[in-house]
Amino acid sequence: MQDDVASKTGGKGITFCSWNVRGANEPIKRDKILAHLKSLNTDIIFLQETRLKNESHNRLRGRWSGQLYHSTFPSKARGTVILIRKGIPFKHKSTIAYKEGKYIIVSGEMYSTSLTLVNIYSPNFDNPQFFNKIFYLIPDMSNLIIGGDLNCVLDQYLDRSSFQRIITSKSSEPLNTYKQQKYKGRMEDCQSFRKRIFLLLRCP
């Protein structure tokens, strides 16, 4: 997929951003978030902890010229959003939006390649069952991009600002198992620490 996208974008490729915004209810803060994202000129954006209700997402949609997909929680808490910049040829096929605002799974096609986007705002405690449920719902497609605030330690060297070694989270086990079973271990980690973007590519 990478070589194909690069050739069709003049070598630029597709850029990604993952950001826990810790609330986007206030209009001024929401405008600042959108202004910053537009200045980054990022193609696909994963936002967590937006704390927006359905009607508030309509306001967000009105300020974003591209595609927007979201999952919400009934109260002003949690919430995940996937933003796709205008001009990115993503053709939407299906969406699975968790009713408690903890994740959203968006499937479609881009540059004639099947693609699934997953944005996760995981619980702040070690909960491997949460990840097992998500991976069970992901369609068996060629390419998968996972972004979000995973709230777990996948790598004790990358995911900790302290030099003190700790035990890797049990929540990392479902991700590593899924990677090995579905993608033969091929994974590109695009960002360190807990807020990560993973690009999982099918091996030939």
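Predicted model: local features only at pLDDT ≥ 70, side-chain atom pairs only at ≥ 80, totals over all residues.
Residues are numbered from 1 along each chain as its sequence is written, and side-chain values use heavy atoms, with hydrogens and water left out.

One of the salt bridges joins R63 to D31, with the closest N and O atoms 2.7 Å apart. R63 sits in helix α3 (residues 54-63) and D31 in helix α2 (residues 27-40), so the pair ties together parts 32 residues apart in sequence. Helices (H or I, at least four residues) and strands (E, at least two) are DSSP runs, numbered from the N terminus. Another salt bridge brings D43 and R85 together (2.5 Å, N to O).

Turning to strand β4 (residues 80-84), 5 of its 5 residues are buried, so the rest of the structure largely encloses it. Buried here means under 20% relative accessible area, exposed over 50%, and partly exposed in between (1.4 Å probe, protein chains only). T80, I82 and I84 point one way from β4, and V81 and L83 the other.

Helix α4 (residues 128-137) has P128, F130, F131, I134 and F135 buried. Seen down the axis of α4, these fall within an arc of 155 degrees, so they line one face; the arc is that of the directions from the helix axis to the C-beta atoms. Q129 and Y136, on the other side of α4, are exposed.

Key:
Salt bridge = Lys/Arg side-chain N within 4 Å of Asp/Glu carboxyl O.
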